[in-house]
Amino acid sequence: MLSCDDVPAEPLQPTGAVVGIDMGTTHFLTTSDGVHVANPKLCDTAAAELADAQRHLATFPKRTRQRTKKHRAAAQKVTKLYTKIRRQRLDFHHKLARALVRDHDVIAHEQLNTAGMTKVPTPKPDPETPGAFLPNGAAAKAGLNRSILDAGWGQFLMILAYKAESAGRLTIPVDARNTSRTCLECGHVAKENRVTQAKFQCTACGFTANADHVGALNVLNRAGLVLCDVV
Ligand SMILES: [Zn+2]
């Protein structure tokens, strides 16, 4: 259950400000104002600990599982770490959503591709052992971290939408395709425009900027088009 006790009961005063956000892996998100919001550090550390604990748990031979104190302790550690990560992430999402809603009347964000998200390898709970996980091969540390981040975006957007609605703010989901590949200057769309993870350089006109910032500005531009259709 989400805890939303801190949502204001009354609508907030208009700020006159609009923002687009680009959700990424290098940063949790980047705003159209060029502000990068880092992934929560504690969460990263706990995710690494969790991967270690799960690897350790998987080393117990199947026949001894649930029968030894050591196995129970290892399973308990995994459960505790999961709880810790969930709590940290929820807290981070609430704080970030609250700040965005406080400072902006309209918040545009990418629509999540949920079909794509399910392809990410996820830890499989062991049905025979509560708190334990079956080894799933593909869920190496990177995959695990990735799945934690992906799950995080959905939760964050849900909290953001809830807080925005309670405060009389508007959230606009937009088509996420090519947001970080589209030139802000000339509109040229190409994969090659994104030179590196961080750098955008248009192959047509030479416009250069931070790639996540470009993504956030394109998200904001698309929301503008959506608003024009409505109003
Ligand atoms: Zn260009």
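In the predicted model, confidence along the protein chain is lowest in helix α3 (residues 114-117), with a mean of 48, and highest in strand β9 (residues 208-210), at 97. This confidence is the pLDDT, the predictor's score for each residue on a scale from 0 to 100. Helices (H or I, at least four residues) and strands (E, at least two) are DSSP runs numbered from the N terminus. The chain average is a pLDDT of 82, and 74% of the residues score at least 70. Over residues 115-121 the pLDDT stays under 50, and the model has 11 contacts for this stretch beyond four places in sequence; contact means heavy atoms within 4.5 Å. Residues 137-141 also have a pLDDT below 50, with four contacts beyond near neighbours in sequence.

Because the model is predicted, local features need a pLDDT of at least 70 and side-chain atom pairs count only at pLDDT 80 or more, whereas totals for chains, interfaces and linings use all residues. Residues are numbered from 1 along each chain as its sequence is written, and side-chain values use heavy atoms, with hydrogens and water left out.

An open sheet of five strands has the order β3-β2-β1-β4-β7 and mixed pairing, where two strands pair if DSSP finds at least two bridges between them. Its edge strands are β3 (36-37) and β7, each of which pairs on one side only. Strand β4 pairs with strand β1 (residues 18-23) in the parallel sense over four bridges, and Gly20 stands opposite Ala108 in β4. The pairing of β4 with strand β7 (residues 170-174) is likewise parallel, over five bridges. Here Ile107 stands opposite Thr171, and the bridge partner of His109 is Pro173.

Five of the five residues of β4 (residues 106-110) are buried, so this strand is largely enclosed by the rest of the structure. Buried means under 20% relative accessible area, exposed over 50%, and partly exposed in between (1.4 Å probe, protein chains only). In a regular strand the side chains alternate between the two faces of the sheet. Both faces of β4 are covered, with Val106, Ala108 and Glu110 buried on one side and Ile107 and His109 on the other.

The largest nonpolar core has 19 residues, of which Leu29, Leu96, Leu100, Phe156 and Leu160 touch the most other members. A nonpolar core is a set of buried Ala, Val, Leu, Ile, Met, Phe, Trp, Tyr and Cys residues joined through side-chain atoms within 4.5 Å. At least two residues of this core come from each of β1, α2 (69-103) and α4 (141-166), and α4 supplies the largest share, six residues. Leaving aside neighbours within four places in sequence, Phe156 is in contact with Ile21, Phe28, Leu29, His93, Leu96, Ala97 and Leu100.

The zinc ion is coordinated at 2.3 Å by the SG atoms of Cys183, Cys186, Cys202 and Cys205. Donors are N, O and S atoms within 2.8 Å of the metal (3.2 Å for Na, K and Ca); water is not among the atoms, so sites may look incomplete. The donor residues are spaced C-x2-C-x15-C-x2-C in sequence. The site is tetrahedral, with angles of 104 to 115° among the four donor atoms; four donors count as tetrahedral if all angles lie between 85 and 135 degrees. Cys183 is buried, with a relative accessible area of 3%, whereas Cys186 is partly exposed, at 41%.

Notes. Tetrahedral: all angles 85-135°; square planar, octahedral: opposite > 155°, others 65-115°.
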